[in-house]
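Hi everyone, thanks for coming. Today I'd like to walk you through one structure, so please have a look at it with me.

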Amino acid sequence: MVRGTRSIRLRQVPKFIKIQSTGNQFQGASPATITLLATHLGIVANTYQWFRGTTLVGTNQSFIIANNQVSQIETFKVIVTATDGIVYEESISITKVLSGSQGRPGAIPIQREWRTGETHRNNVDVIDYIYHRATTSWWRLKDGNDNVVAQINPTNQYVQLNSLEQLAVQLIVAEEANLAGFIFKENRLVSQNPSPTNPNLVLDGINGKINAKAGTIGEFEINTGLEYENLTPPSTETQNIALLKLFKFNKEGFVIRDRNIYSGVWCKEIGGIDYCIQGTNHIVDFQVSTGDSSHYLRVKGEGVYSGQNFKGALWVTSPSSQMPAIFIDKGKIRIENGGIDLLKGYLKIGNGGISVNGNDGVTGSFLVGDRQISVNNGIIVGL
């Protein structure tokens with residue numbers, strides 16, 4: 001007889017916490033409260049901490065949420081510290097329905113075999129799909145028929161399925177139902193705050209539109225405007241990285257416009273005369289638009305913030321005082337009804353023209369009105 005030993009190894013008991021809730025949605029003023037309970041398995045709890053967002057609101061195993069503590073949607077988190085020092089976290093979202101009825105799960109599909117005398121269902125909760133083995137076919141009750149007692153063979157209350165219908169029905173969204181603070185209405189999903197007619201978010205399935213007050217899409221951030229910042233270097237010493245076409249706009253494809261109320265000195269040219277006035281409700285208009293028949297980019301402004309001497313619609317800063325801030329190749333600058341102001345700089349034209357505050361000593365000529373001015377080695381001649 002052979003004798004041996006046998007060892008028994010106990011599996012480790014899983015350790016986790018879970019929030020049990022008496023509900024997850026307030027329907028207007030009902031119920032008055034919702035109770036949360038932190039349950040756990042495999043641990044001995046030492047402390048409980050309940051948070052509403054980042055604010056500590058409770059230190060017991062259970063926490064009661066008053067109806068007036070939730071205006072639309074709030075997230076509550078419990079942190080349980082075990083006696084061995086390990087920390088466990090769990091969270092739950094509680095919503096309030098301001099408009100629309102509460103959204104509900106769709107009908108659960110049940111596959112079963114045909115047995116005479118059993119009751120078959122077709123309602124908002126359960127749809128039975130029945131296999132009739134004698135004829136190797138699938139059946140279900142016709143719409144409008146429910147709680148039908150099965151005969152030996154299907155009657156005219158049933159419809160045969162030519163192919164097995166989709167059974168994995170996950171959710172049916174009722175018209176004007178409220179889903180965690182969103183209302184499904186007229187084939188659109190809109191946020192209920194501040195109202196269904198003026199929402200913070202609209203997902204329009206008919207026209208394929210998304211309207212949002214703020215958000216982030218990939219690396220694009222929508223705040224009060226549209227921001228994009230790409231910090232990836234276009235090239236390295238060992239590798240060239242292709243530049244991405246971040247924006248591509250066709251004719252009249254892009255407009256940014258900002259209108260604000262400004263308090264202070266406001267200036268505007270009216271009839272060729274600068275008009276300035278002190279006030280508290282000036283409208284300042286700034287607009288950038290892409291091309292029409294005459295331009296690729298237009299920048300214009302109306303009104304000023306800091307006074308007449310700082311008026312300008314476009315501000316361009318060069319990386320260095322030795323580099324051009326604006327470089328024009330095969331083109332020219334045309335100024336209508338304006339001029340060029342040089343502050344602590346110089347104007348240089350080709351190899352023969354004008355040098356101001358410089359040491360180039362160029363030779364050339366230029367026109368002032370209808371008179372030609374000649375420059376020879378920096379000395380003006382031929383007046």
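Some ground rules. This is a predicted model, where local features need pLDDT of at least 70 and side-chain atom pairs count only at pLDDT 80 or more, while totals for chains, interfaces and linings use all residues. Residues are numbered from 1 along each chain as its sequence is written, and side-chain values use heavy atoms, with hydrogens and water left out.

Let's start with the cores. A nonpolar core here is a set of buried Ala, Val, Leu, Ile, Met, Phe, Trp, Tyr and Cys residues joined through side-chain atoms within 4.5 Å. Buried means under 20% relative accessible area, exposed means over 50%, and partly exposed is in between, using a 1.4 Å probe and protein chains only. In soluble globular proteins, nonpolar side chains tend to be buried together.

Which residues of the largest nonpolar core touch the most other members? They are L36, W50, I65, F76, V78, V80 and I94, out of 19 residues in that core. At least two core residues come from each of strand 1 (16-21), strand 3 (33-41), strand 4 (45-52), strand 6 (62-66), strand 7 (73-82) and strand 8. Strand 7 gives the most, with 4 residues. Strands (E, at least two residues) and helices (H or I, at least four) are DSSP runs, numbered from the N terminus. There is also a second, separate core of 7 residues, and I130, W139, V148 and Y158 are among them.

Back to I65. Leaving aside neighbours within four places in sequence, I65 has contacts (heavy atoms within 4.5 Å) that include F26, V70, F76 and I94.

Now for the polar contacts. These are pairs of N or O atoms within 3.5 Å; within protein, one must be able to donate a hydrogen and the other to accept it, and residues adjacent in sequence count only if both atoms are side-chain atoms. E74 sits in strand 7, and its side chain makes a polar contact of 3.2 Å with that of R52. T95 lies in strand 8, residues 87-97. T95 counts as buried because its relative accessibility is 5%, and its side chain has a polar contact of 3.0 Å with the side chain of Q25.

Last, the disulfide, meaning a pair of cysteine sulfur atoms within 2.5 Å. The count is 1: C267 and C276, with sulfur atoms 2.1 Å apart. The torsion about their S-S bond is about 115°, so this disulfide is right-handed.
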